[in-house]
Each structure stands twice: as structure tokens, then as C-alpha cells.
Amino acid sequence: MSRYRITINKTLAVLLLVLLFSINNSAFAADGEALFKANCSNCHKPDADYTGPALKGWSSRVPSPDWVYKWVANPAQMIATDAYAKALFEQWKPTVMTAFSNLKKEEIDAILKYVDDYTPPAPATASASGAAGGASDDSMLYGILTLVLALVALILLQVNSNLRKLSDEKEGIYRSEPVPFYRNKTYLMAGILVLFIVGGYFTITGAIGLGRMKNYQPVQPIYYSHKIHAGINQISCLYCHGSAQDSKHAGIPSVNVCMNCHMAIKEYKGDPIVREDGSAVNGTEEIQKLYQYAGWNPDTKQYNADNNSDGIPDGAKPISWVKIHNLPDHVYFNHSQHIKVGKQQCQTCHGNIQEMPEVFQFAELSMGWCVNCHRESKVDFYNKETKEGNKFYSIYEKFHEDIKNHKLDSVTVEKIGGTECQKCHY
Amino acid sequence: MSNKKYWQNFGELNQTATFKQSADNEFNESLLPIEEISSEGLLDGKTPRRDFLKYLGFSTAAAALAASCEMPVRRAVPYLQRPDNVIPGVSNYYASTYVNGGDAISVVVKQRDGRPIKIEGNELSSITKGGTSAQAQASVLDLYDTTRLRHPLQKVGNDYKEVSTFEAFDSMIAGEMSSIGAKSVVLLTSTINSPSTLQIINNFLAKYPGSRHVQYDTVSYSGMITANEACYGKKALPSYQFDKAKTIVSLGADFLGTWLSPVEFSRQYASNRKVSGDAPKLSRHFHFESMLSLTGSNADDRFTHKPSETGAIALALLAKLGGAVTAPSIADAKVKAGIDKAAAELMKTKGASLVVCGSNDMNIQVVVNTINEIIGANGTTINWAVTNNTRKGTDTEMSTLVADINSGSVGALLVYDCNPVYSFSEGNKLGAAISKVPVSISFNGTLDETSEQCKYVIPSHHWLESWGDAEPKTGHFSFMQPLINPLFKTRAFQTSLMKWTGSQTVNIPTVDSTGKVLGVTPSKVSSADYENYVKDFWSGKADFEKALQDGVIEVETAPAAATFNAAALTAALGKAAAAKSGATEVVLYQKVSMGTGSQANNPWLQELPDPISKVTWDNYAMVSPELAKSLVGLDIMNNQRQADSYEVTPEKPVIKVTVNGKSLELPVLILPGLNDNTIAVALGYGRESADQANSLERVGRSATGAGKNAYPMVGFDGSSFIYSAAATVEKTNNTYPLAQTQVHGSSESRPVIFETNLSSYTKNPEALLEEPRNERMGIMAEGKTDFVKDGTIYPDYEKPGIKWGMSIDLNTCTGCSACVVACTAENNVSVVGKIQVQKAHEMHWLRIDRYFTGDIKNPDVVFQPMLCQHCDNAPCENVCPVAATNHSSEGLNQMTYNRCIGTRYCANNCPFKVRRFNWLDFTGADSFKDNQQPLRGTELNEVVFQMNDDLTRMVLNPDVTVRSRGVIEKCSFCVQRLQDTKLEAKKNQDPTMVRNVKTACMQACPTNAINFGNVNDKESEVSKARADKNRNFYVLEQLHVLPNVSYLAKIRNTDRHVGIAEEAHEEAHS
């Protein structure tokens, strides 16, 4: 028995070791992937040229294995001193790679390993059958049921009155001719009341809804899918809408921001894009439209010449997008306030934008909707003991006092005046 | 209450029945203004029931139509390539320089999404220290002026045709210039103090032998310049140091309003008027003048005299100070006593005294120079080491030029930044002569009176579109950089000169770090345009980029005196008092708002009420009540019926004033404090195209029809232009309406001003505010002490974080009105036009109330900026039926336009009368295009349509709602700035950033009279100002409205008794 035990132990030990190594390996590989996505993927793809060259097969191209570390640490210096680096620059100019001097050798190794091991995932077959039209609305059913029941009640009432009339006649009691229901004052009155209430309800909701455009989803000059950009490709919202953290406007990226990536990405190779009406979208054609606007020639990989010397490539023109989120002119809204100070996610107001093929207005954008959030949201209130939170709020002496005395457990936006008129209207 | 003392007009002074009635009936309009429009047709004016139903039906239908269920499709168009420094929605600030006719004020311009929208002072400039003037504030609107020329023009017959390219224009000019032969070339400009421009001009003149450069100041300082040449051998103006002067005597120099460099002088003057501690030191200011000027109204002691007596007064003062002259007799005992007192004070503070004189008579200025020599001003309060370069024109040069033009000896006349056809006394003749000059070229931006007479017009950029530099004072350079690409096909005046100078090398001077030109390097060929030239010019200065960023380079120089030549006096003596006197004399002056009239088409300036007369949109004959009695038979002081008929209606009697054979018909405006023999008439009005039919397009929709041109009354004494003269006056039977704002709104005789004199204050500082203190005590129940909590039955609401508050120092507010224009620009305040101002519909959120007090013939004047007081216990808030106005937890009285339904209950209930109602659609916020057209001419002046032009609307601040018709608006404490500052403070996690915040009015103020900030923070400037318990008061405090604007009481440095406390004291003794 003991003989076997040793063998078993050895086998187990070997297995464990192998397992350990493999885990370790996968940990390294995963590390490489994460590092690649965090640092490189904005400009490089493992297997295809992008803003920068495809990285796979790097080892066969670089002059020496050490070259790559030097290059990552300081590309500008390498371009000045190294012949291969210079050639690389000539090929890809004017873009120069950003220096990543903070990447350690091991990390670079991990990235390169990930790149070399990379195999493109098999294209997903069949679309994810759009979340089966479930969650059926029962109100329709109830409505029909109510109507049917009301009709039955009406008929029964009529039958009842007819029967009574017959029985009365039988018993010889003479009654005046019954008033038909459409001239019956009770019925008429009830009808008018119902009409008034229903009509009033619809008028008021309609009037309130004037100018509100929830679910507004206009057709845009270019079929731009946030799902593909922000969802599948994980591009940060702020890469394109950078002014959201500085300005009241989130801003729509200028065409040159699109071209940062689309100089390299000429065609769409992802899953087929299908509009809500079922028609297919040709992603590559949409990218071609972008080239038209940018004045870019994808074949020569150059912008058109500026022959009319107006400072922009000939034929280029800004894209006239249709604005989706429209606030009335008398409302002041500041994106940077909500993102930088309020630390809100874009999705809070814009919905799951990374899952929207074409953007629609997710929220109602009504005053009640704004105010409600201001009532519920807590500010990053300063804690005098722990020194945590936004130091600006240290001047709210009264609230600090109240928190200390346990009269207050948190400070909402409303508490600091977030529901007052002149926070948004001036 | 003892407050009969402060009065705004004669009706209030005499408490006439009509005055009371009009004060009671604040809104004398019927509810529906629509009735007035259609009063002809609709059943006798009264609105019958059926009409009401019609209106109701119409407005429902209109509202439904306007609100139409279809939402408009809006577009969002991003940049093709976003410039690095532009983030949409974030303003950038660039330093530049406001230049206008020699004036140069360093400014910082706010640029939003590529459009300049607001001017602020540049705090790095030691001249202005961040102060601005009304004109500088308003000049951003000039950029979007609809009369600006869109391209170069060539005159063909009486019409103009566009010159398609600058090259074509240049070749035409080259052809013309080669054909003028031996005749001279003259460049006629306003004062140029830009070093690089002067260099270009010199290069240009060198190309044309016999050519010359004439600098022409619209309002001349030639008398001073020639006097300085005689006395000091310097043909220049020195720097005045009002901050070093303990005694200031001004002989008609309006140095806080319009004289030489008012922003600089205001700042200096105010530094000696700030009261601190219980024994404050204040400068003492004596003022001798003929009219009532802004500076005069700030003086401690003021004396009036006929304009022709200025020389005699200067001589008398000199004699009193021990000068070797025989004093002429001064008839007026008060003036005589004033001279004695002034002389004594001047000698007492010898070495820290200053005498300035506004006369353009060289001889009088020589006398003044001699006085300054005696009182030790030369080298102390007058600094000759640094000259003031904002005015350089010599009148004889101009008169010689005019003679030359008339005689036909001028071959080419190039006019830049001046408008002599309008502003020269013989302008019409000059215009005709200019049209006969072989080559005449105008660089002016509009087709003004002078450009109209020129054959070629090549408009130069607006200053906000220009590169450039300026040297307003020696060694003080201020730079210009463009804030926007030129809106139209215009070219810098300097570039044109460079092109026409031809292919010769352009001299690039070497400049040392102080900006001094060391030498000229002719070898370097500059780029052919001024944009690059100015960079080359300053290339000797290593950190030009830093200089551009700062906007200024300044060189410190020790103050120095100039050698005085006493002999000059002998020649001047006989002539100094030689001015011809008359029974009635006219004095010509500039208004603080309009100045010389170069910005006459600026609606903000036209609608800015003159701080003294409170009249907008016009000039007029300003006379004293005495003179009015003899001229037009109106006894306003003793005959109440006449007083009311004069004061309650805007129609004023018209007189015909004749000076030197030139007549002008002007409405009479009666104001106390003028000399009884003097008529004061403002310059700068009455702009008119020679082709009257085109006046609206050429001169502008605001300038056309505003006032009369008084420049023809300017005389010439052989050496300089003279701005006063004997006049004959005739009464006419006409009347003319004046739009005056002061008569709107009344404080119902409640005390709103507190002041005293320095000695009483020093003796017993607590007595100044005794009256409000007693009132406060009277309101509270026995034994209670906290007025805020115990003076009311309303609960006290806490302001947990920030509580905004403003403090205004009445002692340093000079009434200059820069804040009013700043407020207008910042907050999209509408311009309503003259017709609407007459109906008390002006929209200014901030007004400067002017109060008279004391001697009716020579009253003291107090200015009080009045804006929404943001009362914590606001009377307006609890009468609003829809809660459109309510209070914020930061102490702001909030106004929500989209909720307001226009009942005006709040305006009615406001004790300060600061709420303004939008009677019409003044800013084009209406849903229906051209909705205002039917009102054109009858209800709305042309200016409203000018303001609604797409070009003009570019000036609107995108952070502030453009208000529509039918809502109330008022001062918001610049809430957009407060919100923005709070946001920045939160982003930076720094609560000290909200300690002191700059509102638009505060930022514009040249004297720092306004402080604003967080009152809850004891370190804030406003808290510190309020700590002065002896002077800090709230207007109408006894109403327990708890205003968030506090005032610091005024203290005059005089021996006379002033103010309420004094009166109470006197009454107790009598």
C-alpha cells in the first residue's frame, strides 16, 4: 500500500506542480491581456495594422530582443538614434508612439507573450435572439376585460329592464315606455363624466409631455453604433466626449477624433448590424461616409490637399448630427458638475449607452426627473474626522454639527440647495 | 423722520401733489398694452368684453401654434478639427487693450466659443489696476455693430462700389498716389501712442517727401500741451498722481468722468477716500466749475462761476498763493471765500497738493502750471518722468491742415480713427473741401461723416480683431491680440500703410527690455503685414509671449520734476482772464457715457443714463432753475403748477442757443447746481450722414436722431479750440421729449442715504448711524436685542454654507456708471429705446440713484448704486402667486423667468423699485419672427431692431437666459458667476475660492467701491467691510426686509454740515 502511496503522492505532486504552473502561466497571460488592453489597444492590434503596426510577429522584425524595451521606454529618443526606429517612424508618421517608461520589463514580456499567443476569436454565430419579446404588458388584457365586463353589465341591465317590463305587463301594471339608454340621463351623465375624466387625463398628460422626447431616436447622418464602440470595443466615454469633464457640454467629438482610430480601421468586420426595422447596415460603408466628411483618402492614406487654402482638406465638412438630448433654453445643465463633482456615471442619465446600437433618449429629462435625483443623491460630504470627502463642504458648519449630534446621517444634494430654482434657471 | 433732505427731483423736493400721485401710480399702463396699439379702430379704447374674448381666443390659438406638437429637429455640429485651446462651453480669457481716440485701457477679454463677449479690466496694469470705464465695457458691442463696413469701398459718383480684393485696392491707390505731383500727403489720425504704429507711420512719411502726420483730438488738450511747452519745454502731458495729493483743486477738470485718463484718476482719487479706523485721513477736494460735472458732484466743496471767469479764478488763486500777480476782483463772495479756503489748504499740504484745470486756453494753463510750481506739485503730484501719451494733438496743426485742404494744397488725405467732418467746428465746409482733395482715403470702420467724403474707404479692424501695442504712459506698454478672426473683409490700417510704403525694406527697431527703441536695423525685411510686424517689433524683448499673456510691460521710473520757466507766466498774464464774457454763456462738455461721440451707435452707451441728469438718448441745454425762469419763464421752485407741468411729462420746452453765429435748438433740462448764467451742452450727439436717407445704415440706428451736434459751437482763439463762449438765447414754442430715468420709482421719502462730514465723524463716529439704530430698537420688543430674529414674526431661515452679500462704499462710488454697462453686458439686459424709457420701461438691473441735498442753488450730490437687495425677508417673494420668485439657502432672491406670469405684484411690493418688467420683446426671444414689426416707430425705436440683428446678438452671454416678453427680471448677483465659482471650488476642493467672488459690477468698478463675497466667512472682504459698524447701514432697514446689500455711509471732508445726523443735531440746537 505504502508503495503505491509514494507513487500516488509523487503523481499528485507533479500534477499539482503542473497545475500550479499552468495557473501561473494563465495568470501571466491574463496579465498580458489586461496590460495590452489598458496601454496598447487604443493604437495597436495583435494581428492587424491599426494606428500603429500589428504586434504579432514582432520578434522576427526587431533588430535585437532588447530593442523593444528601449523603444517602449522612449520612442522619441530611439527615432533620433536608431535606424530601424527611424524607418518605423517614416512608415507610420506623423503619429509617434507614446512613451511608456512606467512599464516594467516583465510587463512588456507579458504583453508580448499575449500578443504572440493571440488567436482571433471565432466570429460569434447567430445573433443573440433579442431578449424574447417577454415582459408582455398586461394592462391591455385588463383593459379589454374591463370593456367586455362593462358591456356585459350594460346588456344585463337592459335585459333586466326588459324582463321587468315584461313581468310588469304580465301583471298588468302599466308603466311608461322606458327611456332608451342613450337618452337616459343617468347614463348620459355617467358617460359625460367618464369622457371628462379620461379626456382631461389625456389632455393633461399630453400637455405635460409637450416638448419631452423620451425614446427619441432620430436617423443620424452616419450610422454610429455606441454598442460597437463603447460596448464591444470598450472605448472609454471620455475618449470622445472629453469636454464632459471640463465643460457644461459633453461635446460631440470633432471629426479628427474619429480619424485617430479610423485612419487604420477601414472596414467593419464584426457581427452583422441590423436596424430595428430589420434592415442591415453595412459598417464599412458607414466608415466610408466618415472619410467623405474628413476629406480622407483611404487608398493613399492621406488627407485631400487643401487647394482652396481654407485651412481644411478639400471636400471635408463637419458632420451635422441630429441632437437627441435637448434641454429647454432656460435650463442650465453642466456635465462637468455631475461627472467631476457629483461623480455620476454617464449611464445614470443616458442609460446603457454601451448597449445601444443607435442612441435614443433614455431619460425623460423633465424637471421632476432631475429634482428627484437631486433629492436622493448624496453629496461627497466632508468628514472632519477622517478628512474624507470633498473639502469644499467643510464650510457647511450646521450640517457638520447635525452629523455629530446624529440628527443627520448624510447630506443630499437637496440639502445644499440642489432643488432651488436658481441652481438651474438663470 | 428728517429726510426731506435728500431729493431726486424738484417734485420730490417740494412734495407736489402731482409728484405724489405719479409716485403712487407706479404702473400707469393699462393691463393690456395691445390696446394702445390698436386704439384707433377698436371700440373707443376701452377693452370691451368681446375684445377680451378675441384676445383670449387669439392668444390660445397662438400659443397652440407656437407650442406646436412637432418638436423642431436640432442639429449638433462639432468641429472638423477642434482647436487645442477651445473647449466648447468653456470661456477663455485673453489680455488685450481697448483703444479709442488715444485712450488705451488694458483689459482682459472673455471669449466664449470664439466670440468675445465681455471686457474686464487688466489687474496687472498699474495704471488702471483692473478698472474700466463705461465706454471700454460697451466697446465689445461695437465689434458687432451693424454699420461696420463689410469690405473696402470706392466712391463712384454719389455711390460706393465694393473693391473686390485688397490687391486691386492697393494698385488703385498706387496709381492715385503717383499722380498727385508736388502736393503734400497728410495722414490725419487721432492720437497714436502705439510705438510700432508710429514707426510704420514714419516709414510711410519717409516715402513721400513733404508729407506729414497730423494728430487730431476730438476734444483737444492742446492748451495744456502748449502751456507745458512754454513752462517746461516739453510738448507733452505729465502724469498726475491724485493718490499722492492731500488737497486737490480742480478748475473745471472732470478728472473722474471725462478728463484725460478718468479710470486711472478715479482709482488714484479713491485711494485717498477710503475710510478706515475712527480717525480716517481723507484728501480734500475743491471744485470750481460752471456746470455740474461728475467730478464736481464728488467734491467736498464746490463753487460755480461763469465759464469766462475761469482765468480770473486761476489768477486769484495764484495771487492768494503768493504769486506775483494782481488778483482780479471776484464778484461772487462764495467763490472768493472758496478761493481763500482752497489756497490755505493747498499751502497747508504743500508738496502733496495738486491743481488741475479743464480749460483748453493755453494762458490759463500757464497760470495753473505756476500755481502747481508754488504748491510744490511739480515732481510730487505731477510726475514728468512719465508722460501721459493719450492726447498729443495740437490745434494749430489741425487748423493749418484745414486751411491747406480748403486751399487745395493737399494732394492726398488719409484719415484714421477720427471723424473731423463731424467733430470739427467747421465740419460741413471741411467735408466739402475733403471731397475735392485729389486722393482721399478713410480707414474708419464705418461710413461715417468723414468717410462719406472720401474717395476710398478701406476699413480697419475693430480693436478686438487687431494685433497691436499701445503706450498710454511712457514706459507702460499694453498689448493687443485678436480675440476673433476679422468678421468682415477689413485690413489693419498699419498693413495698408506698409503695403503703400512699397518695396523698400521696413525698418525694424531694436527694442530693449524696457521697450525703448535703441536703434533701427534697416536691413531686415519684415513680413508685409502688421500682424507679423508687431511681433518682429517686439522680438528684441525675449519673452514677448509672456508680455502678450500679461498684456502689459511696465518700467518703474522714479517720479521727477521738470525745470520750470517762470518767464512763461509774464506772457500769459494779460491773456489769461481775457475771455469774452456774456450775460449767458455756453459751456460744452462730454458726458460720461457718450464721450466724444465716437461710440455714438452703441446702444448700451446711448441708454446709459447720464449720472447727473439721468437723461438717456439725447443731449440738451442744461440750466439752473434761476436761468430757466428767465429763459423760458418756468418758475420751478415757487410755482408748483409749472414745476409739475415741466417735470411730469417728458416734453421739455426748447430754446434756440446761438454761439458764434451758429444756432442749435435744444430742449431745456433744469438741474440745480449750475451757474445761473451758464448753459451746458454735451458734445458727441447729433450724428448724421450727409445723405440723410442713408443715415440709419451709415451712422447707425442708435446714433441717428439722438441729440444735436454741438461741435459747431466750438471756437478757435488762434492757438487752441475753446469749449465755452458767450451765447444768445431765444425761446421757441416747440417742445421736445427727453427720456429721463430718475423720475421713475420713489423711496417715498424714507431715508436711504447717510452721510456726515469728517470732523463730526472723527468727533463722534457713532452719531452717524444713530437714527437707524434707534429705529431698530423701536421695532423690537422690550429687552430684545437681535434685530434679525426679534424684529419680525417670520421665522429665521438658516444659510448653512454660503451666504452671499455685497457691500457698497458710498464714499468711493463716483457715479461713473461703468458698473451699469458691465451689468448690461454680463446679463443680457435689454436695450429698450427712447420711447420705452419715457414710459419708465428701462431694463437696467443696476442703476445709480443720484440724490441732491443741502443748498438748493449748489447742492451736494450723493450717488447710490441701487440693485436688487436680495432681502432675506423679501416683500416681493410672498406676493408672487406662482412662486416664481423665492429665496435660496445662500441668501439669493431667485427669479425664475419660465415660471413668471407677469402679474408685477412683486415689482409693486419692492421698496427699492429694482424689479423690471419686459413690456415688449426687446431681445428677439419671441417665438414669432417679426412679431415686433407693427410696433416699429410707434412703440419701439430702431435700436431694438438693431439689437435683434443676428450680428448684434452674437454679444449675448450664453450662460444667461434671454428673457422673453411678459416676465419680470432683476439683479441676480451674477448667479452664473457664483455657480461657476462654486463649481470650480468643488472641483478643486477649496472652500476659500468662494470667499470673494467678483460680480460684473464689482469687476468693472475703477474705485473698488463694491465688495462681494461669502458673508458667512469672516475672512471675506465683504465681512471685513461690514465690520465697520459706524458706517455700515442697510437701506430701509426699518422695514425689516433684511437686505443682503449693505452700504458704507459717505463722509465728506468739509467744514460744512452735511447729512441727516447733522441736521438732527442742528434742529436740536435751534
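Predicted model: local features only at pLDDT ≥ 70, side-chain atom pairs only at ≥ 80, totals over all residues.

Begin by colouring chain A by its domain assignment, which gives domain 1 (2-117), domain 2 (144-198), domain 3 (253-320) and domain 4 (367-423). If you then select domain 2 of chain A together with domain 4 of chain A, their centres, taken over C-alpha atoms, are separated by 61 Å.

Next, select Leu365(A), which you will find in the loop between α14 (346-350) and α15 (367-376) of chain A. Its phi is near 55 degrees, a positive value in a residue other than glycine. Is Leu365(A) buried or exposed? Leu365(A) is buried, because 20 other C-beta atoms lie within 10 Å, and 20 or more is the cut-off for that class.

Now move to chain B and select Ser817(B), in the loop between β34 (804-809) and α28 (818-826). Here too the residue is not a glycine, yet phi is positive, at about 75 degrees. Ser817(B) counts as buried, with 28 C-beta neighbours inside 10 Å.

For the last stop, select Ser964(B), which sits in the loop between α31 (942-947) and β40 (968-969) of chain B. With 19 C-beta neighbours inside 10 Å, Ser964(B) counts as partly exposed. Leaving aside residues up to four places away in sequence, Ser964(B) touches Asn918(B), Asp921(B), Ala925(B) and Asp926(B).

Conventions
Residues numbered from 1 in each chain as written. Chains lettered and ligands numbered in written order. Helix = DSSP H or I, 4+ residues; strand = E, 2+ residues; numbered from the N terminus. Buried ≥ 20, exposed ≤ 12 C-beta atoms within 10 Å, placed from the backbone. Domains from an automatic or database assignment. Contact = placed C-beta atoms within 7 Å.
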